[in-house]
Amino acid sequence: ADGAVVAGGADEPAAVDADLGRIGVRTLKVDQEKVDRLVDLVGELIVAKNALPFLATAAEEEFGARPLGRRMKDQYAVLNRIAEDLRGGVMDIRMLPFSVAFSRFPRLVRDLGRRLGKQVELVTEGGETAADKDIIESLGDPLVHLVRNSLDHGIEPVADRIAAGKPPQGTLRMVATPDGDAVVVEVSDDGRGIDPAQVRHRAYERGLIGETELEQMTDAEAIDLVFTPGFSTTTEVSDVSGRGVGMDAVRSSVERLGGTVTLRSVRGTGTTARLRLPLSMAVTQVMVVSVAGQGLGVPVDSVVETVAGTCACHTSY
């Protein structure tokens, strides 16, 4: 249901384990506001916990209480372990599998393929890969744009595919893969690919680039022009595409989530859109710096460069 986070196993009545004679695990549905409140409290706990090392140092240096300082540092290590485990548990509650995001596309691909007169097979992989509920829900529109572009511009009609020596049925693949503290989602097709020369000339006709850029721009730079606001290679507007807002909307949406999107294409072979997204929007990595004795936190995403010196990075909310 909207506004709820599901934790645990399947949503079904409690089952009795035949071997152990115990009642099985049941699903617990919790309002998202309660989970978010718990996340905030864990964040406050971590901030309070991070103050202990500074207090321990003050006890040793300002008051000469070295035994007390060491005991505070030992207690900090225990508290740090508990706080990190608690944070991990709370974040797991917010996680949803990508199968939730992928579930809307089989019907979309089938219906859109029929409307365009194309045969398309949808293949999804990595549905068990999990990410924050907010990430999963916010990916809906960008993925729809990518799928519609693949079916309209990428995958060719049956006759064209046969003439090119391809199977009559095109393949659209959606793959989610964990990548450290991020997740990578790729949407790829085996269609006609992007023609860099066509993109360059179309951008020039629309006044998006000048003559110098037209002559000197590389193929990779030309392909990246599809993300330019107002750009479209389609001369006719339809209810599927051609308005020049699709790929621009994709990049804007992904960047608002703290992610990046790149595009690679081989003419005659296909196109792949690669989205790299954070696992969660509730956690921000910060660099802690000290200025005139005062500790300050700077989001790592805002740090362009660091120079020789002493700094420490902590996780904050």
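## Thr 129 and its surroundings

In this predicted model, the side chain of Thr 129 reaches the backbone oxygen of Ala 176, at a distance of 3.2 Å. Thr 129 belongs to the loop that runs between strand E4 (120-125) and strand E5 (130-132). Although placed in a loop, Thr 129 counts as buried, because its relative accessibility is 9% and the limit for burial is under 20%.

Once neighbours within four places in sequence are set aside, the contacts of Thr 129 are Leu 96, Pro 97, Phe 98, Ala 176, Thr 177, Pro 178 and Val 183.

## Glu 125 in strand E4

Glu 125 lies in strand E4.

Not counting residues up to four places away in sequence, Glu 125 touches Phe 102, Arg 173, Met 174, Val 175 and Ala 176. Glu 125 and Val 185 are 60 residues apart along the chain, and their C-alpha atoms are separated by 9.8 Å.

## The nonpolar cores

The largest nonpolar core has 45 residues. Phe 98, Leu 139, Leu 143, Leu 275 and Leu 277 are the members with the most contacts inside this core. Helix H7 (residues 140-154) gives the most to the core, contributing five residues. Apart from this core lies another, of five residues, including Val 39, Val 42, Ile 46 and Ala 83. In soluble globular proteins, nonpolar side chains tend to be buried together.

Which residues are in contact with Leu 275, leaving aside its neighbours within four places in sequence? They are Leu 139, Leu 146, Val 183, Val 184, Val 185, Val 254, Thr 260 and Val 261.

## Ser 150 in helix H7

Helix H7 also holds Ser 150. This residue counts as buried, because its relative accessibility is 7%. With neighbours within four places in sequence left aside, Ser 150 is in contact with Ile 155, Leu 172, Val 187 and Asp 189.

## Aromatic rings and charges

The count of aromatic pairs comes to one. Phe 98 and Phe 102 form this pair, which is tilted, with 6.0 Å from centre to centre and 40° between the planes. Phe 98 is buried, with a relative accessible area of 0%, and Phe 102 is also buried, with a value of 4%.

Two arginines are placed over phenylalanine rings. Arg 104 lies over the face of Phe 105, at 5.9 Å from the ring centre. The charged end of Arg 251 sits over the ring of Phe 227, 4.0 Å from its centre.

## Helix H9

Helix H9 spans residues 196-205, and its buried residues are Pro 196, Val 199, Arg 200, Arg 202 and Ala 203. These buried residues pack against helix H10 (211-216) and helix H11 (219-224). An α-helix has 3.6 residues a turn, so residues three or four places apart point the same way.

The N-terminal end of H9 is capped by Asp 195, with a side-chain oxygen 3.1 Å from the backbone nitrogen of Ala 197. After H9 comes Gly 207, whose phi is positive, near 80°.

## Phe 54 in helix H2

Is Phe 54 buried or exposed? Phe 54 is exposed, because its relative accessible area is 59%. The residue is found in helix H2 (residues 52-61). Between Phe 54 and Gly 69 there are 9.6 Å in space, C-alpha to C-alpha, and the two are 15 residues apart in sequence.

## The protein as a whole

The protein contains twelve helices and twelve strands. Of its 317 residues, 37% are buried. Among the contacts with a separation of 6 or more, 67% come from residues 24 or more positions apart. The protein exposes about 18500 Å², and carbon and sulfur atoms supply 52% of this area.

Terms used
Residues are numbered from 1 along each chain as its sequence is written. This is a predicted model: local features need pLDDT of at least 70, side-chain atom pairs count only at pLDDT 80 or more; totals for chains, interfaces and linings use all residues. Side-chain values use heavy atoms; hydrogens and water are left out. A nonpolar core is a set of buried Ala, Val, Leu, Ile, Met, Phe, Trp, Tyr and Cys residues joined through side-chain atoms within 4.5 Å. Buried means under 20% relative accessible area, exposed over 50%, partly exposed in between (1.4 Å probe, protein chains only). Helices (H or I, at least four residues) and strands (E, at least two) are DSSP runs, numbered from the N terminus. Contact means heavy atoms within 4.5 Å. A polar contact is a pair of N or O atoms within 3.5 Å; within protein, one must be able to donate a hydrogen and the other to accept it, and residues adjacent in sequence count only if both atoms are side-chain atoms. Rings of Phe, Tyr and Trp (its six-membered ring) pair if their centres lie within 6.5 Å; planes under 30 degrees apart count as stacked, over 60 as edge-to-face and the rest as tilted. A charge sits over a ring if NZ of Lys or CZ of Arg is within 6 Å of the ring centre and within 35 degrees of the ring normal. Accessible areas come from the Shrake-Rupley method with a 1.4 Å probe; for residues, only the protein chains shown count as cover.
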